[in-house]
Amino acid sequence: MSSIMSKSDRYENARKLIEDGPCTPLTTITLQDLCDYLQVTARTINRRIAAGELPPGIKRGREKVWRLIDIRKWLEKQLKKAQRFLAIVK
């Protein structure tokens with residue numbers, strides 16, 4: 001069995017972690033988890049942070065991580081924006 005996961009497998013693992021995983025104020029996710037979930041590259045994540053479209057991460061040693069609670073709040077805000085847009089379009 002190959003240890004290389006498909007894009008859809010990586011997305012599903014990240015989705016389970018971000019949407020369904022346990023969440024405390026200390027729970028963090030990695031850049032790779034965020035990339036897999038949003039299905040974008042690390043460069044796109046950095047562009048979105050610079051544009052103020054994503055919450056900034058926290059440096060932990062050499063890596064950047066995000067508090068899961070911040071990502072969930074951001075996702076809720078994005079969902080509300082989409083719902084408002086769809087209500088206007090109807």
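Guide: Here is how the labels on this model come about.

Guide: This is a predicted model, so local features need pLDDT of at least 70 and side-chain atom pairs count only at pLDDT 80 or more, while totals for chains, interfaces and linings use all residues. Residues are numbered from 1 along each chain as its sequence is written, and side-chain values use heavy atoms, with hydrogens and water left out.

Visitor: How many helices and strands are there in the protein chain?

Guide: There are 4 helices and 3 strands. Helices are DSSP runs of H or I with at least four residues, strands are runs of E with at least two, and both are numbered from the N terminus. Along the sequence the pattern reads α-β-α-α-β-β-α. The C-alpha trace spans about 50 × 35 × 25 Å along its principal axes.

Visitor: What makes R15 count as buried?

Guide: Buried means under 20% relative accessible area, exposed means over 50%, and partly exposed is in between, with a 1.4 Å probe and protein chains only. R15 comes out at 18%, so it counts as buried. R15 is found in helix α1, residues 7-20. Across the protein chain, buried residues make up 24% of the 90 residues.

Visitor: What joins the side chains of R15 and E12?

Guide: A polar contact of 2.8 Å. The rule asks for a pair of N or O atoms within 3.5 Å; within protein, one must be able to donate a hydrogen and the other to accept it, and residues adjacent in sequence count only if both atoms are side-chain atoms. Setting aside neighbours within four places in sequence, R15 is also in contact with D20 and Y37, where contact means heavy atoms within 4.5 Å.

Visitor: Why are α1 and α2 called roughly perpendicular?

Guide: Their axes come within 8 Å and cross at roughly 110°. Angles of 65 to 115 degrees count as roughly perpendicular, under 35 as roughly parallel, over 145 as roughly antiparallel, and the rest as oblique. α1 and α2 are therefore roughly perpendicular to each other. The axes themselves are lines fitted to C-alpha atoms, for helices over the stretch in contact, and angles run from 0 to 180 degrees between N-to-C directions.

Visitor: Which residues make that contact between α1 and α2?

Guide: From α1 it's R10, Y11, A14, R15, L17, I18 and E19, and from α2 it's Q32, D33, D36 and Y37. By class that gives 5 nonpolar, 1 polar and 5 charged residues. For the classes, Ala, Val, Leu, Ile, Met, Phe, Trp, Tyr, Cys and Pro count as nonpolar, Asp, Glu, Lys and Arg as charged, and the others, Gly among them, as polar.

Visitor: D36 turns up in that list. Is D36 buried or exposed?

Guide: Its relative accessible area is 11%, so D36 is buried. D36 lies in helix α2 and touches R10, Y11 and A14, not counting residues up to four places away in sequence. The buried residues of α2 are L34, C35, D36, Y37 and L38.

Visitor: What makes α2 roughly perpendicular to α3?

Guide: The axes of α2 (residues 31-38) and α3 (residues 42-50) come within 9 Å and cross at roughly 95°. That angle makes α2 roughly perpendicular to α3. L31, L34, C35 and L38 in α2 meet A42, I45 and R48 in α3. The residues of this contact divide into 6 nonpolar, no polar and 1 charged.

Visitor: Where does Q39 lie, and what is its phi?

Guide: Q39 lies in the loop between α2 and α3. Just after α2, Q39 takes a positive phi of about 55°. Most residues other than glycine have a negative phi. At 57% relative accessibility, Q39 counts as exposed.

Visitor: And how do you know that S6 is partly exposed?

Guide: S6 has 33% relative accessibility, so it counts as partly exposed. S6 lies in the segment before α1. The C-alpha atoms of S6 and F85, 79 residues apart along the chain, are separated by 33 Å.
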